[in-house]
Amino acid sequence: MSSKLKVAIVGSTGYGGVELIRFLVHHPQVEIVSVISSSSAGVPISDGFPHLTDIVVQDLDSVDVHEIAAKADLVFTATPSGVSTHLVPQLLDAGLKVIDLSGDFRLRSGEAYEAWYKKPAASPEYLKQAVYGLSEVYAEKLAGVSFISNPGCYPTATLLGIIPALKAGWIDHRSLIVDAKSGVSGSGRGTSLVSHYAEMNENFKAYKVNKHQHIPEIEQVLGDVAGEDVTITFTTQLVPMTRGIMSTIYVTLKGDHTDQDLIGLYRDYYKGRPFVRVRDEGMWPATKEVFGSNYCDIGFAADARTGRLTIISVIDNVVKGAAGQAIQNLNLMMGWEENLGLGFIPVYP
Ligand SMILES: NC(=O)C1=CN([C@@H]2O[C@H](COP(=O)(O)OP(=O)(O)OC[C@H]3O[C@@H](n4cnc5c(N)ncnc54)[C@H](OP(=O)(O)O)[C@@H]3O)[C@@H](O)[C@H]2O)C=CC1
Ligand SMILES: CC(=O)N[C@@H](CCC(=O)OP(=O)(O)O)C(=O)O
């Protein structure tokens, strides 16, 4: 009998789900007991994903909560928003631990969720149970919990870039502007026209400007850190690349802080955290430098001339922005080494 944690993945045929499989196959404490699809049950997963041939030999299972509970200890729900709202409570009620990758349990307020996601919110009883899993910031709160709500991709890059300076009182949060760019895999496998080659190739376009559903998530966390309401100006843009997010943050500095001061502050804040790398002065990070990995790389340009600070934060949206951070959160939940199963260096070139 294996003593490994038995894990099921709902949404195995999506980008987040397939990425969970890529990492979990090598996780020393985990056994994948079920890969689940709502539309292709009974089919070998390698039929749809030939790169998994002879690596994952399971057939896809259907979404049956009783069957999942009979096989698994923990479920990753890599499902579209609106699906997790209904599915996660059933899984929790069946006694399973859950790590949800969707946006359905990130906002404490159901009203805010309905306003930004334009869908009915989960019931408050379950919203209350979710622990928000921005790993580096809330590691202590994640130990031993049963239900983690994994952060969004843009919030991960943006929050990791802002929090240390905000917490130290070095920036004026009323001046925060976030200019965020994402590769097209951020919109999932199911989207059509938006990520159509002819629409994306040699194109660079803004979307949901100041209306993106990640705005309340970022403001909720920054408000908690600042101890007062925080609002941001937030522009999201699509870049014709597969993976990667760059969040460029502009903010007014309080005091004369140099790049070296900021590097010291951030290295102290993230000390002992394996996945945040603070760059040396003038070494601004690029998305390719985190591609396929769970790293978040951060660089600074403090401008004494304007009194403003530019922070550049990059992640791979499918890894640190989704599946990788979900596994980092599993490790923190279970009290394992934070980087278990995630020790891959970025793919280069
Ligand atoms: N892509 C990214 O970079 C990020 C994604 N996320 C979030 O993670 C979640 C998954 O994203 P992603 O993998 O990109 O999305 P995809 O669209 O690629 O995949 C979604 C998956 O959900 C399954 N699904 C659809 N409807 C249902 C249902 N009713 N019941 C069960 N399963 C269903 C789909 O496949 P099937 O038909 O086989 O069941 C598919 O496998 C989303 O909530 C997304 O917002 C968060 C951060 C980053
Ligand atoms: C590039 C791209 O289209 N990205 C998606 C991110 C979707 C997502 O992850 O949504 P939740 O985290 O809210 O579930 C978007 O901007 O809507």
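**Exercise 1.** From which domains does the shell around ligand 1 draw at least three residues each?

*Solution.* This is a predicted model, in which local features need pLDDT of at least 70 and side-chain atom pairs count only at pLDDT 80 or more, while totals for chains, interfaces and linings use all residues. Residues are numbered from 1 along each chain as its sequence is written, and chains are lettered from A and ligands numbered from 1 in the order in which they are written. Begin with the domains, whose bounds come from an automatic or database domain assignment: the protein chain has domain 1 (5–129) and domain 2 (154–317). Each of domain 1 and domain 2 contributes at least three residues to the shell around ligand 1.

**Exercise 2.** Describe the shell around ligand 1 by residue, class and helix.

*Solution.* First, there are 31 residues around ligand 1, and Gly-14, Gly-16, Ser-37, Ser-102 and Gly-188 come nearest; a residue is near if its C-beta atom, placed from the backbone, lies within 6 Å. Next, the shell divides into 10 nonpolar, 20 polar and one charged, where Asp, Glu, Lys and Arg count as charged and Gly is among the polar residues. Finally, helix 1 (15–24) and helix 12 (319–334) each supply at least two residues, and helix 1 gives the most, with three residues; helices are DSSP runs (H or I, at least four residues).

**Exercise 3.** Characterise the contact between domain 1 and domain 2.

*Solution.* The C-alpha centres of the two domains lie 27 Å apart. Their contact (C-beta atoms, placed from the backbone, within 7 Å) takes nine residues from domain 1 and seven residues from domain 2. On the domain 1 side, helix 5 (residues 110–117) gives the most, with three residues.

Notes: Contact = placed C-beta atoms within 7 Å.
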